[in-house]
Amino acid sequence: MPENLLVGIVGRSGSGRTHTWNTIFKRLVRTGRLVRRLYLNKSEYVEVFLINGSPGERKMSVNNLITVKKPRITLCSIQYTKSAIKTIDWFIKNKYFLFIHWLNPGYNSSQLYFDNLNLVNKLLAQDSLVGIRNGKLDPGSRIEEILDFIYSWAQKRKLIQTDLRKV
């Protein structure tokens with residue numbers, strides 16, 4: 001069983017990936033150089049590394065964007081292009097469990113689009129949990145789903161920390 005977790009949001013440009021991360025963190029967020037706290041409730045948090053702005057859009061590999069040694073939990077935007085396969089392959093090679101939401105249709109999409117990259121089949125052949133979510137809908141339920149999954153996954157691995165100032 002993989003000991004590291006990728007929480008990936010896949011979608012075309014304008015699908016709502018960045019909006020998802022901003023909503024989860026309750027503020028504007030960008031890719032950082034260090035891990036940051038992701039609060040799962042009022043006082044409990046996990047440390048995560050965020051890649052907001054997909055490696056494909058940046059024309060960079062995941063390896064060049066992650067600046068800390070193999071973070072236990074990585075949140076990553078993945079643009080639905082051929083470069084998405086390289087990004088997913090990096091996480092597979094580095095033994096991450098893949099928790100993926102594919103925003104289809106995306107926020108700015110007019111309709112659903114076909115998986116011509118065969119990405120879903122690739123993901124399903126790995127240690128993964130994949131869901132297609134409508135990027136046009138309010139992100140509340142998908143964010144709750146993401147946070148619940150992270151909480152459960154991190155709790156089993158004793159990664160949850162408590163901010164005593166917020167208890």
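Is the crossing of α1 and α6 left-handed or right-handed? The model before you is a predicted one.

Two packed helices are described by the angle between their axes and the distance between the axes. Here, helix α1 covers residues 17-25 and helix α6 covers residues 140-156; their axes come within 10 Å and cross at roughly 65°. Angles of 65 to 115 degrees count as roughly perpendicular, and α1 is therefore roughly perpendicular to α6. As for the opening question, the crossing of α1 and α6 is right-handed.

Which residues make the contact? From α1 they are T20, T23 and I24, and from α6 they are R142, I143, I146 and L147.

Within α1, the buried residues are R17, T20, W21, N22, I24 and F25. After α1 comes K26, which has a positive phi, near 60°.

I turn now to strand β5, residues 96-103. Eight of the eight residues of β5 are buried. In a regular strand the side chains alternate between the two faces of the sheet. In β5 both faces are covered: Y96, L98, I100 and W102 are buried on one side, and F97, F99, H101 and L103 are buried on the other.

β5 also has strand partners. Strand β1, residues 4-11, runs parallel to β5 and is joined to it by seven bridges; V10 has W102 of β5 as its bridge partner. Strand β6, residues 128-133, pairs with β5 in the parallel sense over six bridges, and there L98 stands opposite S128.

Terms used: Residues numbered from 1 in each chain as written. Predicted model: local features only at pLDDT ≥ 70, side-chain atom pairs only at ≥ 80, totals over all residues. Heavy atoms only, no water. Axes fitted to C-alpha atoms, helices over the stretch in contact; angles between N-to-C directions. Helix = DSSP H or I, 4+ residues; strand = E, 2+ residues; numbered from the N terminus. Parallel < 35°, antiparallel > 145°, perpendicular 65-115°, else oblique. Left-handed = near helix turned anticlockwise from the far one by under 90°. Contact = heavy atoms within 4.5 Å. Buried < 20%, exposed > 50% of the residue type's maximum accessible area, 1.4 Å probe, protein only. Pairing = 2+ DSSP bridges.
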